[in-house]
Amino acid sequence: MVLMKPECGRSGLVLNSQFGHSGPMERRIGANALARLVGPPPERGSAYVWLSERIERLVADGRLTHDTRLPSERDAAVALGLSRTTVTHAYALLRERGFAEARRGSGTRVRIPGGPVSGGGEPVSGVLGGFDPQGGINLTNTAPAAVRGLAERFAEASRHLAAYTHEGGYFRDGVPDLRDALAERYTARGVPTTPDQILVTTGALAGVAATALALVSSGDAVAVEPSGYPNSLASLRSRGARFVPAVESADERRLDVRATVDIFARRAPKAMLVIPDFHNPTGRFMGEEDRHDLARLWAKHGTVGIVDETLADLWLDAEPRVRPMAAFAPDCITVGSASKTYWGGLRLGWVRAPRRYIGAIASARVTLDLGAPVLEQIVLAGLLRDQPGLDDERRADLAGRRILLRDAIARACPGWSCDLPDGGLSLWWRLPQAQSSEIVRRAAARGLTLTPGSAFSLDGRGLEGRLRTPFTLAEDDLRRAADVLGEVNASLASREG
């Protein structure tokens with residue numbers, strides 16, 4: 001076991017850690033950090049009810065996690081400027097409502113009523129086996145925890161639900177308020193859009209699937225990047241598409257559009273799927289010049305661009321001064337998603353398409369599902385207008401986790417390397433040996449679930465010299481994951497030696 005120095009993260013949580021890859025981890029929050037999170041006490045009303053409700057809200061938002069140790073009543077009273085009796089009553093109310101538990105010798109700890117529900121990670125096509133939530137770490141999931149304040153937004157949205165309940169509840173194209181908000185968002189980004197060009201879906205993948213169903217027939221050539229998101233590739237493959245790989249630059253940091261010209265001349269693909277913003281899994285970002293060249297290539301060969309913008313809001317260092325692909329290619333079809341920016345549990349995405357395509361996509365969509373849930377659409381419309389991207393705290397938190405995981409794995413696994421992406425949600429490692437699947441197998445035996453590099457290849461094979469590691473989990477879980485990878489790497493080196 002290794003005794004680690006306590007650390008304080010951006011949330012104010014202190015991790016007092018003594019663990020190997022599966023040992024105990026104590027989370028506690030200091031009195032001053034709690035005071036910052038709950039804000040100043042109200043001038044009127046019951047202070048103990050206010051404090052208990054504020055802590056409940058922090059739990060609902062994921063800012064106080066299950067089993068976090070709260071400050072002592074005395075320390076909390078001093079930091080909050082309240083009497084100890086007030087804090088005592090607040091903690092008692094939390095226990096009564098199931099949001100806290102008192103343990104002898106261990107203080108008061110946060111509880112999630114019923115306990116946290118595990119297994120909510122992102123399913124990946126072609127990856128067999130499930131995730132064991134009993135102490136395991138799921139490093140297949142690129143979706144972060146929910147945006148803060150989401151529980152309150154659902155409560156607010158429910159007050160507007162009556163406007164929709166007088167009918168059957170099927171809004172094939174999406175509720176009008178959300179389509180308006182999405183059209184406004186595209187227009188503000190430099191792509192003039194009207195609500196009739198928007199189709200709300202149950203995620204970006206549903207948007208890709210509906211687009212493929214409308215436009216791609218069996219045997220059609222579809223251009224794709226040399227690696228990509230497994231579920232989207234599987235969706236195109238299910239339509240019988242013949243993949244035409246585009247060309248990467250030698251360092252894999254950009255799509256070599258000009259080198260792809262000859263391929264288009266020979267194959268004339270009907271469509272091309274591309275992720276220009278913080279590509280999953282490589283993290284690369286397409287600049288304006290390449291976007292312009294790619295749009296010209298599509299126009300020359302009559303290729304329909306299918307642009308996945310799921311990660312477009314996920315810049316972490318500086319906001320890119322780049323226009324969306326639709327600004328260069330007006331006939332392209334754009335799909336987006338709320339999953340990475342706000343929460344995967346919303347299960348909402350959208351298609352933005354020219355009028356010549358949107359009707360066919362909408363018609364194809366009804367063979368897949370009959371529309372997205374109404375309450376979630378009301379919530380998302382409010383989020384898009386009030387908070388049209390990551391807030392500064394969430395962005396800084398992800399940027400810090402990106403560095404933490406990069407440094408932790410680099411220390412634990414000599415010989416591994418990766419380019420630090422400017423955005424996105426994962427790192428794409430180069431391995432010294434082509435052992436990605438073996439690393440995944442050995443890590444699973446130690447409670448760490450990963451996605452092998454082969455899952456991101458066009459045929460489900462190859463890329464054994466690559467491994468993707470998302471950095472969306474809690475910091476202590478990322479450290480534990482790096483420890484496990486270090487053990488696995490050492491075991492492989494020992495075998496080879």
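Biologist: Is Leu370 buried, partly exposed or exposed?

Modeller: This is a predicted model, where local features need pLDDT of at least 70, side-chain atom pairs count only at pLDDT 80 or more, and totals for chains, interfaces and linings use all residues. Residues are numbered from 1 along each chain as its sequence is written, and side-chain values use heavy atoms, leaving out hydrogens and water. Buried means under 20% relative accessible area, exposed over 50%, and partly exposed in between (1.4 Å probe, protein chains only). Leu370 has a relative accessible area of 48%, so the word for Leu370 is partly exposed.

Biologist: Where does Leu370 lie?

Modeller: Helices here are DSSP runs of H or I with at least four residues, numbered from the N terminus. Leu370 lies in the loop between helix H12 (355-365) and helix H13 (374-386).

Biologist: How do H9 and H10 lie relative to each other, roughly parallel or roughly antiparallel?

Modeller: Axes are lines fitted to C-alpha atoms, for helices over the stretch in contact (heavy atoms within 4.5 Å), and angles run from 0 to 180 degrees between N-to-C directions. Under 35 degrees counts as roughly parallel, over 145 as roughly antiparallel, 65 to 115 as roughly perpendicular, and the rest as oblique. Helix H9 (residues 257-267) and helix H10 (residues 288-301) pack at about 10°, with their axes 10 Å apart. So H9 and H10 are roughly parallel.

Biologist: Which residues in H10 do Val257, Arg258, Thr260, Val261, Phe264 and Ala265 in H9 meet?

Modeller: Those H9 residues meet a stretch of H10 that includes Trp298.

Biologist: What percentage of the 497 residues in the chain is buried?

Modeller: Going by the buried cut-off, the share in this chain is 52%.

Conventions: Helices (H or I, at least four residues) and strands (E, at least two) are DSSP runs, numbered from the N terminus.
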